[in-house]
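Hi everyone, thanks for coming.

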Amino acid sequence: MGLFDLFGSKESAVRRLGQKLVQKYGPPEGRGKAIEQLAQMGTPEALATLCLRFTVRTDVGIQDDEEKDRVREILVEAGPAAAAPVREFLAQQESGVAWGLRVLAALVPPPELLGTVLALLRRLGQEYARDPEKKLVLLSWLQEHPDLLALAPAGGPTHGEALLPLLEDSVDDVRISAARLVSRLPASEEGRAGLIALLLRDRDNARVRGEVLQALADLGADVKGHRPDVEGLLVEPFFLDREGRVKRRGADPRTA
């Protein structure tokens with residue numbers, strides 16, 4: 001057997017195992033065996049193929065979680081060799097992203113993980129996507145890891161470069177999630193302007209309007225230059241203080 005035949009046979013084997021791996025209605029024994037065989041190969045291609053198990057959900061929930069957790073263990077045990085395949089998975093796939101993030105969080109330092117998440121969000125903010133799931137998963141990840149959000153990313157876009165374009169997304173939940181995250185960043189003119197622009201654009205959307213007013217209050221931002229317009233959009237319990245900052249009477253019901 002020649003060298004190219006050997007490489008070709010390995011690639012074919014990885015493809016065959018990958019097909020078994022994502023057969024959601026296939027026997028669990030077949031998927032389990034494929035997982036272990038790919039783990040034994042340990043090549044970048046095999047590790048990348050293992051990630052595909054995160055993209056399907058089988059009917060038996062317990063079995064599904066166990067198989068995915070086994071894949072997670074294998075990838076984490078592979079160490080630095082798995083980092084690039086997992087990043088590739090996160091960049092290319094629309095589902096299974098939360099599992100991929102769990103793996104990457106165990107493989108790279110937090111600033112590097114943050115840089116990857118922000119780079120993905122910036123790219124998604126520049127593209128049209130019919131399904132907002134991936135954006136929402138990435139945004140939720142940042143919301144659930146405030147310690148990560150507080151770091152400086154290791155390379156790639158800044159927080160603002162990744163999050164501010166999402167304030168103009170076509171999906172309400174994406175705009176709301178982005179606004180909440182912007183409110184947790186250090187106060188900046190770009191963040192203030194982006195939130196005010198969103199408030200004025202979504203003046204007739206009560207749900208978004210309330211969230212943006214809360215974000216402005218959390219940020220401690222003023223609305224100078226837009227006070228008359230913003231005053232016409234205020235609803236209880238929000239008001240403007242003497243300096244034009246958005247304030248809220250009472251506790252935030254989201255944390256009450």
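Before we start, a word on terms: an axis here is a line fitted to the C-alpha atoms, for helices over the stretch in contact. Please keep in mind that this is a predicted model.

Let's begin with a pair of helices. Helix H3 covers residues 44-51 and helix H5 covers residues 83-92; their axes come within 9 Å and cross at roughly 40 degrees. That angle makes H3 oblique to H5, and the crossing is right-handed.

So who meets whom? On the H3 side we have Pro 44, Leu 47, Ala 48 and Cys 51, and on the H5 side Pro 85, Val 86 and Phe 89. Sorted by class, this contact has 7 nonpolar residues, with no polar and no charged ones.

Now hold on to Phe 89, as we turn to the aromatic rings. How many aromatic pairs does the structure hold? There are 2. In one of them, the ring centres of Phe 54 and Phe 89 are 6.0 Å apart and the planes sit at 70 degrees, so this pair is edge-to-face. Phe 54 lies in the loop between H3 and helix H4, and Phe 89 in helix H5, so the pair ties together parts 35 residues apart in sequence.

Are these two buried or exposed? Phe 54 is buried, at 3% relative accessible area, and Phe 89 is buried at 3% too.

Phe 54 also pairs with Trp 99: their centres are 5.6 Å apart and their planes at 10 degrees, so that pair is stacked. Trp 99 belongs to helix H6, 45 residues away from Phe 54, and is buried at 16%.

Put together, Phe 54, Phe 89 and Trp 99 form one aromatic cluster.

Conventions: Residues are numbered from 1 along each chain as its sequence is written. This is a predicted model: local features need pLDDT of at least 70, side-chain atom pairs count only at pLDDT 80 or more; totals for chains, interfaces and linings use all residues. Side-chain values use heavy atoms; hydrogens and water are left out. Axes are lines fitted to C-alpha atoms, for helices over the stretch in contact, and angles run from 0 to 180 degrees between N-to-C directions. Helices (H or I, at least four residues) and strands (E, at least two) are DSSP runs, numbered from the N terminus. Angles under 35 degrees count as roughly parallel, over 145 as roughly antiparallel, 65 to 115 as roughly perpendicular and the rest as oblique. A crossing is left-handed if the near helix is turned anticlockwise from the far one by less than a right angle, and right-handed if clockwise. Contact means heavy atoms within 4.5 Å. Ala, Val, Leu, Ile, Met, Phe, Trp, Tyr, Cys and Pro count as nonpolar, Asp, Glu, Lys and Arg as charged, and the others, Gly among them, as polar. Rings of Phe, Tyr and Trp (its six-membered ring) pair if their centres lie within 6.5 Å; planes under 30 degrees apart count as stacked, over 60 as edge-to-face and the rest as tilted. Buried means under 20% relative accessible area, exposed over 50%, partly exposed in between (1.4 Å probe, protein chains only).
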